[in-house]
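Please open the model in your viewer and keep the selection panel at hand. The stops below are meant to be followed in order, each with something to select and something to look for.

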Amino acid sequence: MEIKLKNKVYNPQRVFCIGRNYADHIKEMKSETPKSPVIFLKPNTCLVEKDIQIPFPSSGKDLHHEVEIVYLIGKEGKPVSLDDAKSFISGVSLGLDLTLRDVQNILKDKGQPWELSKAFDYSAPLGDFMPVENIVIHNIAFTCIVNNEIRQQGNSSDMIFSIENLIMAISSVWKLLEGDLIFTGTPSGVASLMKGDRITIQSPSIGSFSWEIL
Ligand code: ZN
């Protein structure tokens with residue numbers, strides 16, 4: 001998937017995702033608060049543009065929505081300090097970290113990796129990007145709406161690890177590349193999606209993006 005922002009085209013090769021980054025979501029999942037960011041990856045083939053119909057995955061039964069703020073990295077770097085981190089961001093959007101919760105629970109019980117539950121085709125729907133300079137990144141309000149019902153409401157100010165902290169943590173292991181995406185975790189309210197559902201994620205400062213589950 002290509003991302004266009006301010007006359008530039010980005011071709012994301014990597015999708016970094018953060019787990020357990022909002023206290024209310026940790027509580028609803030009965031998980032422990034991490035001492036350092038929980039990081040996993042999805043292949044870039046998971047990315048889905050807005051207004052696309054998403055087939056219900058055949059490899060699980062309980063498909064959950066997780067609305068997340070997504071950052072686009074604009075330049076290479078390694079390692080990045082906390083003070084420099086913001087200069088590596090070029091854009092901000094919203095995305096969905098679609099999760100097969102039934103599959104994830106089995107994997108968690110077995111202590112196995114999460115890819116089968118989170119890195120399947122169509123698992124990363126992604127909205128359009130706003131230039132970072134247009135956004136107050138520590139006060140981004142966002143919601144997830146399914147069939148006109150508000151399911152999730154969050155604000156970037158509630159993140160346990162700020163985007164600067166996440167960039168520092170990721171870049172201490174992986175050299176940042178232009179076009180990298182960072183999904184920054186979800187607030188509480190994650191719930192099931194059914195075939196036929198229409199899901200919308202929106203933020204006053206970013207925009208509104210929708211998909212239909214087939
Ligand atoms: Zn997530």
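**Stop one: the metal site**

Select glutamate 66 and aspartate 97, both of which are buried, a word used here for under 20% relative accessible area, with exposed meaning over 50% and partly exposed in between (1.4 Å probe, protein chains only). Before going further, note that this is a predicted model, in which local features need pLDDT of at least 70 and side-chain atom pairs count only at pLDDT 80 or more, while totals for chains, interfaces and linings use all residues. Residues are numbered from 1 along each chain as its sequence is written, and side-chain values use heavy atoms, with hydrogens and water left out.

Now show the zinc ion, which is coordinated by Glu66 (OE), Glu68 (OE) and Asp97 (OD) at 2.0 to 2.1 Å. Donors are N, O and S atoms within 2.8 Å of the metal (3.2 Å for Na, K and Ca), and since water is not among the atoms, sites may look incomplete. The spacing of the donor residues in sequence is E-x1-E-x28-D. Glutamate 66 lies in the loop between strand 7 (63–64) and strand 8, and aspartate 97 in the loop between strand 9 and strand 10 (99–100), so that the pair, 31 residues apart, links distant parts of the chain. Helices (H or I, at least four residues) and strands (E, at least two) are DSSP runs, numbered from the N terminus.

Next, colour the open sheet of six strands, whose order is 4-3-15-8-9-12 with mixed pairing; two strands pair if DSSP finds at least two bridges between them. Strand 4 and strand 12 (130–131) stand at the edges with a single partner strand each, so one side of each is left without a neighbour in the sheet. Strand 3 and strand 4 run antiparallel and are joined by six bridges, and here isoleucine 18 stands opposite isoleucine 39 in strand 4.

Then select the five strands that form an open sheet in the order 6-18-17-13-14, again with mixed pairing. Strand 13 pairs with strand 17 in the antiparallel sense over four bridges, and the bridge partner of cysteine 144 is isoleucine 201 in strand 17.

Which residues have the most contacts inside the largest nonpolar core? They are Ile69, Val92 and Ile167, in a core of 45 residues. Such a core is a set of buried Ala, Val, Leu, Ile, Met, Phe, Trp, Tyr and Cys residues joined through side-chain atoms within 4.5 Å. Among the elements that give two or more residues to this core are strand 8 (67–73), strand 9 (89–96) and helix 4 (163–171). Apart from it lies another core, of 16 residues, including Tyr10 and Leu126.

Centre on valine 92, which, leaving aside its neighbours within four places in sequence, is in contact (heavy atoms within 4.5 Å) with residues including Ile69, Phe129, Ile140 and Ile206.

Moving to helix 4, seven of its nine residues are buried, so the helix is largely enclosed by the rest of the structure. Its buried residues, among them Glu164 and Ile167, pack against strand 3, strand 4 (38–43), strand 8, strand 9 and strand 15 (181–183).

Cysteine 17 is in no disulfide, and the nearest cysteine sulfur, that of cysteine 46, is 8.2 Å away. Cysteine 17 is buried with a relative accessible area of 0%, and cysteine 46 is buried with 1%.

Notes
Disulfide = S-S within 2.5 Å.
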